[in-house]
Structures are given as C-alpha cells and as structure tokens.
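Here's a quick briefing to read alongside the model. Take a look at the structure first, then work through the notes below.

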Amino acid sequence: MEKIKLTIDGVAAEVDPGTTVLEAARSIGVRIPTLCYLKGVNEIGACRMCVVDVGGRALQAACVLPVSPNMTVKTSTPEIREARKTNLELLLSTHDKKCLSCTRSQNCELQRLCKELGVEDDDRFKGVQNVYEVDDLSPSIVRDNNKCIVCRRCVAACAKVQNVSVIGPVGRGFKTQIASPWSKSLSETACINCGQCIQACPVGALREKDDTDEVWKLLSDPTKHVVVQPAPAVRVAIGEEFGMPMGSRVTGKLAAALRRIGFDRVFDTDFAADLTIMEEAHEFLHRVKNGGVLPMITSCSPGWVKYCETFYPEFIPNLSTCKSPHEMAGALIKSYYAQKAGIDPKDIAVVSVMPCTAKKFEAKRPELSNGGLQDVDAVITTRELARMLKEAGIEFERLPDEDFDPLMGESTGAGVIFGATGGVMEAALRTAYEAVTGETLERLEFKGVRGLDGIKEDTIHIGDLDVNVAVAHSTGMASKLLDMIKRGEKQLHFIEIMGCPGGCVNGGGQPIVPADVRAQVNPAQVRAAGLYGEDESKAVRKSHENPEIKKLYSEFLGEPNSHKAHELLHTHYTARPQY
Amino acid sequence: MTDTEIKQATREDQFAKLAAAIQNHKGERGALMPVLQEAQSIFGFVPQDVQVAIAKGLDVPLTEVYGVATFYSQFALEERGEHIIGMCLGTACYVRGAQKILDRLSSELDVKVGHSTKDGQFTLNATRCLGACGLAPVMMIDDEVYGRLTSDEIPAILAKYREPKAS
Ligand code: SF4
Ligand code: SF4
Ligand code: SF4
Ligand code: FES
C-alpha cells in the first residue's frame, strides 16, 4: 500500500491511507487532545476538542479526519488553543466540578485537559445548570449525569461492544442527557452490570456502586470472622493503581496487603477456579457421554450469564450449572472451612475482590445461597480495594511477598489463566484430556484459544473424541457466535464466553485506562501476558493436580459432580424480560 | 359492545395497523423515523407499549426508539389531555410567583409538569413567556387566558373544565 505523505506542525509524516490526522500526529509524537474519541468504539467527532487547522475555512476534528496527500496540518495555533479552551469552558459550565470528592480525580480526562490546556476560569459561562438525580439503584453501576459531558463513549460501549443498548441520548440540545428509556434506573433495565460503560467514561459520571464501607464495617465487627478472596485478574492489575507498570504481577503483595487491612483469612479465588475446572470438565464429559445438551457454555461470567438469560434464554440449558469460582469458594468457606476451623457459618463473612462489577449483582442472587446464608457477603472491585489500601495508608509497592492461607489458598497455572479470554477453556481442556485418556498431557498450551480475536475456534482431539471448541469475549461477540449457532452454521461442543472484551483482565472493575493510552496499548493483552507468565512459573499447572483440591474431594466432596458438590457448587438460571 | 370492549377492539385495530407499517418499512435504512410518524398518527401519541412493539418489530434497541422519539418534538410520548394547561414561567410571571401556582396546579391535578392526568382530562405544561406580561402571572387553558392569578383561584378555575364524574 502506498503511504501518504503530509506535514504536521512542520514535521514530515508518512502514514497508511485511511489513517486519521489524530493518529498521524501521534506517530510523530504530537498528542492532540480528545474527549469523545475512543478508538474503534466511539469515533463520532462530537466534542471538537481535537480541532486542527488544515487550511480550510473552519477548524476540523482530527479524530475523524482521514489524511490526504500533501496535507499541511497545524495542531496548535492561538486560534486552535482558544477554540479548545472555549470548548472546555462550555463543558464546565454545566459540569458538577466537585473534584475533591470525585472517584475519578487524578484519573479524569476532563480534569487533565483543563490543567494541560490552561483553563483559567471554570465559571466563564456560568448559567442555568441541569440538576439530575443520581441513579444508584443498581447493585453494580452508579450513573451521575451531573458529571456527564455527553461524549457518548458509554453509549457506544454498551451498544457496539456489548450489544446491550440500555443507555442512549435522550432529548435534544442543552437538555440532552444519557439515560435509559422512560428514565428508568439501570436496575430496571436489561443492563448486564458489566461496567464496560465505566471503562469507557472519561469522567466520574459512571462508577461502581461503592461497597467499601460495608467491608470496613465487617472488618471492625469483632463478632465476624472475615474471609477474603481475590480473583485471578486482580493480581495483574491492582499494581497500576499504585503507579506500577500496566500488567505488573503483584500476587504476593496482594496477599500481604489483604492481611494488613485486617482480613482474618486470605484465601485465593484461583483455588476455586481449579475447583470450577474439576466440576465443569466433568460436567462436560458427562454431557458428552449421556447425550446431554451441547454445546455446553461456561458460566463463570455473571455479565454473560445475565445476557444469556435476557437476550438468549433459549441457550439456558446450554449453560454449565457450575457456579462461578468466587461463589463456589464462598459456599465452601461457609461449609468446608467452617467445619475445619470450628466456626459457625453465621459468624463468617466472605468478601470477594473482583475485576468485575457484575459480581456485585451476582452475589445478591437468591439462588446463590445455602441455608439462608448468601455464599458471598460483599464484593469489591480492584479499584475499590486500591482505595481501601490507600485509605489505610498501606504502601503497596513496598510490601513483601506473602502466600495465601492454606486449605483454600493454593492454585495451579490452570486456575491463574481464568482471568484471560480462552483461559477457562484451556484449563478445562488440560483436565478433560487427562480424565478421558488417562495419559499425561505433554504440551499444556492450547494456543488456538489464546489471544484477542473476537471469536476463536479449534478442534481438539481427546482420545477418540474430536471436540469442537469456541471462545468468545464481550457479549457483542457472544451474540454473533450464538446467532451463527442458531442459523446452524456451527457444530460446537464446548464454548467459553466471557462478558468483557479480553476477559476479566479488562473487566468493568479494573483500573481505568484513559482513552489515549488505550489507543496505543490494549490493557487486556498486557495484563493477560502477566497471567500467562504466572502460569508458566507454576510448578503445578493442571487443576486436578492441585493438592488442596485433591484433599477437598477426598475429605469433603467425594467426587466431582457428587451429590454434595451439586448442592454446594452448582446452580440454575432464570429467563429475564428484555424490557 | 361495552365501552371497554370498544376500546379493546380499536386498540387491537391500531396495533394491526402499526404491524403493517412496520412490515412496510422493515429492512429500509432509517426505517425508525417513518414508523414512528405512522405510529403517532395511528395512536395520536407514542406510548411505551407502542415503542416496545416498534423496537421488536424493527429489531432495533428500545433505547434508540426512545432516543429518537424524545429528540423530535413532533412526537408526543403521552396522550394529550382534553384540556391543555400552559403556565407561563417567563421572567415577569416567575417573579410574581408563577412557580407557586404551577406547584398548586400540579398538586390539585395530581400530575407532574409535562404530563397528563390519569383520567386524560388535563395536560399540564410550563411554558415560556406568553407575551402577556402585564397580566403576570398568566396561565392559559386551551385558548383562554387567566391573568393576575393567585393559587387560591386554581381549584375554582379547574372545576369549570372538569367533567362531572360519571356516577
Ligand atoms: S469528573 Fe473529573 S473534572 Fe469532574 S469532578 Fe470528577 S475529577 Fe473533577
Ligand atoms: S454495565 Fe454494561 S450493560 Fe450496563 S449500561 Fe454499562 S455497558 Fe451497558
Ligand atoms: S456517562 Fe461518561 S461516557 Fe457516558 S456520555 Fe457521559 S461522560 Fe460520556
Ligand atoms: S471530536 Fe475528536 S475527540 Fe471529540
């Protein structure tokens, strides 16, 4: 392909045709400010923060302007700087500017631009301000339109990435706001609680429902024995909240930090991921042998599960009956561990630290309980745990590496990779292979299910079975795959679906990466590399070889899919209305 | 046929017409706009269940239907009452206590501003300056102007328009 030559601020640049002026400038080291632009997701040229001068009469939005040969671009003239500043000041005139108490302070694209572009008078266009009710009825997501700058990045994430579309622009002009039909709360819509809208939002208008107060309360309650468990994806992300490079592996520091803020037991959801594999791999083999419903689809991702219940209820029989790993752990902490430790389950509180906002909704599902006790009592996201650690003054970077507590703290490489798309499938295949053939699997890596292609497919030979597997991540991709199955275009046996693009590493509760960084690197890829690195570093890399898992079965559960396992570790689903 | 049966029959008829309109435009680019327009002329307004029917019929998100319906002022989301009340909130009226009167209207009629009463008799709107500032605070009901209002006059004025309750 012939390159296109142009000049940007007097510097010669050569880029592929179709490149935008924004990206071309980036290639020569000029960062044009943006707000509504989210690469590949929201490219609508609406906010006009990115205006540049290409010699025409009016300034042009660089984020949607393709380069043309011999173009001469100026990105920072007095006129441009004034236009950008005025745009910002207009946004500020209707913005609730309470930075001091805002969750996004210091990681806010609006705040950063105001500082960088030298906005001096944040009240320049002071006037009538719309006052909106904050929607905090959802167990997962809080929407605060008083901070919304109507950039529509969330709308695009919800519609285009997730294919859910429960939020959109309503009304027009000055009164335009982002809302659900009939001004309903997100909690009354088909929202799947995935939090991808939070990841997309440049400001503090979208955030997770904060449950840190509840956790602090549990920690200071002397009658409660508080047990914590962090998900796989948390250990390759939380470091970012403390200024460490993206994808840093901080497993040991994470265990230490949880102990420091006062949890009585620090278990690991990775252990439960291994357990999920035991149950799920055997459930799959059982379905194959007994003519059960196929393809079987994984059920660890509560965003995906609610999506299935709402938009594809006909696939409910295909969902694995396995609870998600942290729910399995919760159920066991209040039975197996309670018994061993001699503690009344009523006095135990289980806290999950998750990369996921949908887990907050999941934990409240009535069916995920046992004897009137919810399996999990509170869920906080990676971001919320980071806030708690900061509040407690813990210098995370300086903590020593510690281990998780025994009984439910040991995990294998198979459990670790659960946090990345394809990881559950790979882990399940490692175990299913050995269970069926009785042979030792030589090459543990199933490369065909790794990586960031939206839908991945492979055929795996297990003994005399040819197993057709597929992996989809983001509910948007899931719907594409399910539609193909409905049209009879795919003959599949086993499917892994994760609700978020890239899997849990890029979940709605993970550290927020600003749009201009996302345009350069994909956090899902960098963090997943951290997980695969941890897998390789482990001595044991197959779930069924985890010694604590073996002990759990021999001393408590019996076999995978036993009666007791079913009682504690499996669940059922309910079709839900779309409107 | 009883009244309810008649209502039921017309409603079924209306939805059948809507289904035909959807069928006509399905697959077209930008089908939503003409379908909403037809819905508006079939029903006189575009209520929630009609929007849901359009979303299902055209296979577009309800969010989009609602977004378009609220973007263009030609679409009414609720049935318009038999009498339209417009309370002026222009500056002159406002400083003479128009808000208080509007609140009184809202509580007398048990309806929020911008909406219609449950019995379909009144729609309550707040309006910009009606150009009768000399009479502030001013209210219009249909074509009638009421000036120099006090909130205590409101019940008597409304009573003139209220249909006697069917007994
Ligand atoms: S959204 Fe950004 S600018 Fe607005 S209050 Fe929060 S930190 Fe400040
Ligand atoms: S949480 Fe997910 S489904 Fe809900 S509004 Fe946000 S993006 Fe849409
Ligand atoms: S909520 Fe956030 S992402 Fe959505 S439109 Fe408002 S500012 Fe943009
Ligand atoms: S118009 Fe280019 S970033 Fe918004």
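The contact between the two chains draws on 15 residues from chain A and 16 residues from chain B. Bear in mind that this is a predicted model.

- Putting the two chains together buries about 1300 Å² between them, and 66% of that is on carbon and sulfur atoms.
- Which residues of chain A lose the most area to chain B? They are A:Arg172, A:Trp182 and A:Tyr579, which together make up 57% of what that side buries.
- Sorted by class, chain A's side of the contact has eight nonpolar, five polar and two charged residues.
- As for polar contacts, three residue pairs turn up between chain A and chain B, counting pairs with both residues at pLDDT 80 or more.
- Salt bridges across this interface come to zero.

**A helix pair in chain B**

- Helix α1 (residues 3-25) of chain B and helix α3 (residues 48-58) of chain B have axes that come within 10 Å and cross at roughly 30 degrees.
- Is the crossing of α1(B) and α3(B) left-handed or right-handed? It's right-handed.
- On the α1(B) side, the residues involved are B:Arg11, B:Phe15, B:Leu18 and B:Ile22.
- They meet B:Asp49, B:Val50, B:Ala53, B:Ile54, B:Gly57 and B:Leu58 in α3(B).
- By class, this helix contact has seven nonpolar, one polar and two charged residues.

**Salt bridges**

- Side chains of opposite charge can pair up when their charged atoms get close.
- Over all chains, the count comes to 53 salt bridges.
- One of them pairs A:Asp375 with A:Lys323, where the closest N and O atoms are 2.7 Å apart.
- That pair ties together distant parts of the chain, as the two residues are 52 residues apart.
- A:Asp375 is in the loop between β15 (373-374) and β16 (378-381) of chain A, while A:Lys323 is in the loop between α9 (302-311) and α10 (325-341) of chain A.

**Backbone details to check in your viewer**

- In chain A, a cis peptide bond joins A:Leu294 and A:Pro295, with omega at about -10 degrees.
- Look for A:Pro295 in the loop between α8 (269-289) and β12 (296-297) of chain A.
- In chain B, B:Ala136 and B:Pro137 are joined by a cis peptide bond, with an omega of about -10 degrees.
- B:Pro137 is in the loop between β2 (122-127) and β3 (139-141) of chain B.
- A:Asp9 isn't a glycine, yet its phi is positive, at about 50 degrees.
- You'll find A:Asp9 in the loop between β1 (4-8) and β2 (11-15) of chain A.

Definitions and conventions. Residues are numbered from 1 along each chain as its sequence is written. Chains are lettered from A and ligands numbered from 1 in the order in which they are written. This is a predicted model: local features need pLDDT of at least 70, side-chain atom pairs count only at pLDDT 80 or more; totals for chains, interfaces and linings use all residues. Side-chain values use heavy atoms; hydrogens and water are left out. Contact means heavy atoms within 4.5 Å. Buried area is the accessible area (1.4 Å probe) that two parts lose on being put together, summed over both. A salt bridge is a side-chain nitrogen of Lys or Arg within 4 Å of a carboxyl oxygen of Asp or Glu. A polar contact is a pair of N or O atoms within 3.5 Å; within protein, one must be able to donate a hydrogen and the other to accept it, and residues adjacent in sequence count only if both atoms are side-chain atoms. Ala, Val, Leu, Ile, Met, Phe, Trp, Tyr, Cys and Pro count as nonpolar, Asp, Glu, Lys and Arg as charged, and the others, Gly among them, as polar. Axes are lines fitted to C-alpha atoms, for helices over the stretch in contact, and angles run from 0 to 180 degrees between N-to-C directions. Helices (H or I, at least four residues) and strands (E, at least two) are DSSP runs, numbered from the N terminus. A crossing is left-handed if the near helix is turned anticlockwise from the far one by less than a right angle, and right-handed if clockwise.
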